[in-house]
Amino acid sequence: MKAANASTRALLVSPNRIIIRELENFLHNTRVRHVHFGDGSTAPPALAYVTNFARLSVTLSGCHTMEIASGGGAKIIKPIRGHAVFVPDHAWNKPDWSGPVEVLTFLFGAKQIGVSLVRHQGGTQLPSSALKASVHGGYDVPTHSILAALMVLAADHSKGPLVRLLTESLLHACLRLLKSPQKRWPRKAIRTYESICLYVQENFHSPITRESVADHFGLAPNHVSRLFRKEGLMRFNDYLNLVRINRAKFMLQNYSVTLKEIASDCCYNDAAYFCRAFKKICNVTPTEYRAQCATAVQPRTSPANIWQRRRTAVP
Amino acid sequence: MKIVAVTACPTGIAHTYMAAARLEKIAKNLGHEIKVETQGAMGVENKLTENDIRRAQIVIFAVDIEVEGRERFNGVKVIQVSLQEALKNPEGIFAKIQR
């Protein structure tokens, strides 16, 4: 075994177990001393990493040199062991992979958490090794809450010990998830139901109906209804309306476009019908909702808001 | 046109997901039907079914590493491009397909 090199060992031990071991070792020996926030306040350069989920990188060894945006300007940071980099959704970072580095990156997706352990010699395009593990159906309440808290602090550019303590807590929460026995791959009905939900979220601005969605998935329209009744919390049409109204809420809050434009962006041909549907779900009219948002002090698109919106959009 | 695609990058952190979003957006603009499987650190997502692959007229691999389950695509027309290309010039890929 002694002669086996790292790559042969990687074949013998599952990536999951190697990642767990590295993370345990890190948390046992190291405290998080500093957390960098990339806030996306400038436009991302070419090939920068921009994702619609939040990411956390922890340098295990070497120096993970990268460019991030912070407070309206781009800057180069050089995180070493004990440093972490938190990049909220839609913000960016651009690692340069120029020197040797070993880094653990956590990806906080809508439904699962991914982890990537990258070892890089530096000076080349490709890493010398990259191991990946994921936790399906990812979040438990502690992980979700710690992440939400970190999002809020990132949006506020909060300083002080809370940020690094929460980051450490988040790592512990992820370790716990990685070590808990993986859930069974969900039933086919649930997978189909989730694919339909995703399809609705991606296509709500087109004139989709229960029939067109059923056709897209090669299902009978009644089967779509049955899936929503059995696996979901509401009927298909209510779900479609909810997704559209959520989009309308975002537009009302962040852009000063007319109600008619918002209605048509969300695929309501009739502005009056849109207002009725909005009131039914939100208990206020679109105009009242916009006025409420204007009085509440909120940044234009805070990452924390984006996060909450996405979480509520997924059933 | 019915298109399926697979994206995968070595670290599985970002480019996999960015390329998928880019391909989906442009395909939709051009009026194609597309489904993109991502093979990143979050595992295989939006997995292509046998049916998806059989119905597709072309498969795009936008990858910098080996595709997981490549044998699924035997007998289907595949074009392979680097992730850089998919991120910088995705329009070019579709122009190539249409020719």
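Q: Why is Y255(A) called exposed?
A: Around Y255(A) there are 12 other C-beta atoms within 10 Å. A residue counts as exposed with 12 or fewer such neighbours, as buried with 20 or more, and as partly exposed in between, with C-beta atoms placed from the backbone. Y255(A) therefore falls in the exposed class. Its place is the loop between α8 (236-254) and α9 (259-265) of chain A. The C-alpha atoms of Y255(A) and R290(A), 35 residues apart along the chain, are separated by 9.7 Å.

A quick word on the model itself. This is a predicted model, in which local features need pLDDT of at least 70 and side-chain atom pairs count only at pLDDT 80 or more, while totals for chains, interfaces and linings use all residues. Residues are numbered from 1 along each chain as its sequence is written, and chains are lettered from A and ligands numbered from 1 in the order in which they are written.

Q: What makes α5(A) roughly perpendicular to α7(A)?
A: Helix α5 (residues 188-203) and helix α7 (residues 221-231) of chain A pack at about 105°, and their axes are 10 Å apart. Angles of 65 to 115 degrees count as roughly perpendicular, under 35 as roughly parallel, over 145 as roughly antiparallel and the rest as oblique, so this pair is roughly perpendicular. The axes are lines fitted to C-alpha atoms, for helices over the stretch in contact, and angles run from 0 to 180 degrees between N-to-C directions. Helices here are DSSP runs of H or I with at least four residues, strands are runs of E with at least two, and both are numbered from the N terminus.

Q: Which residues of α5(A) and α7(A) meet?
A: A189(A), I190(A), T192(A), Y193(A) and I196(A) of α5(A) meet V224(A), L227(A) and E231(A) of α7(A). Contact requires C-beta atoms, placed from the backbone, within 7 Å. These residues divide into 6 nonpolar, 1 polar and 1 charged. Nonpolar covers Ala, Val, Leu, Ile, Met, Phe, Trp, Tyr, Cys and Pro, charged covers Asp, Glu, Lys and Arg, and polar covers the others, Gly among them.

Q: How do you know that β4(A) and β5(A) pair?
A: They share 5 bridges in the antiparallel sense, and pairing takes at least two bridges found by DSSP.

Q: What makes a set of residues a nonpolar core?
A: Its members are buried Ala, Val, Leu, Ile, Met, Phe, Trp, Tyr and Cys residues joined through C-beta atoms within 7 Å. The largest has 75 residues, and those with the most contacts inside it are F86(A), L170(A), A5(B) and L23(B). A second, separate core of 21 residues includes V224(A) and F228(A).

Q: How many residues of chain B are in contact with chain A?
A: 12 residues of chain B are in contact with 19 residues of chain A. The chain B side divides into 8 nonpolar, 4 polar and no charged residues.

Key. Two residues are in contact if their C-beta atoms, placed from the backbone, lie within 7 Å.
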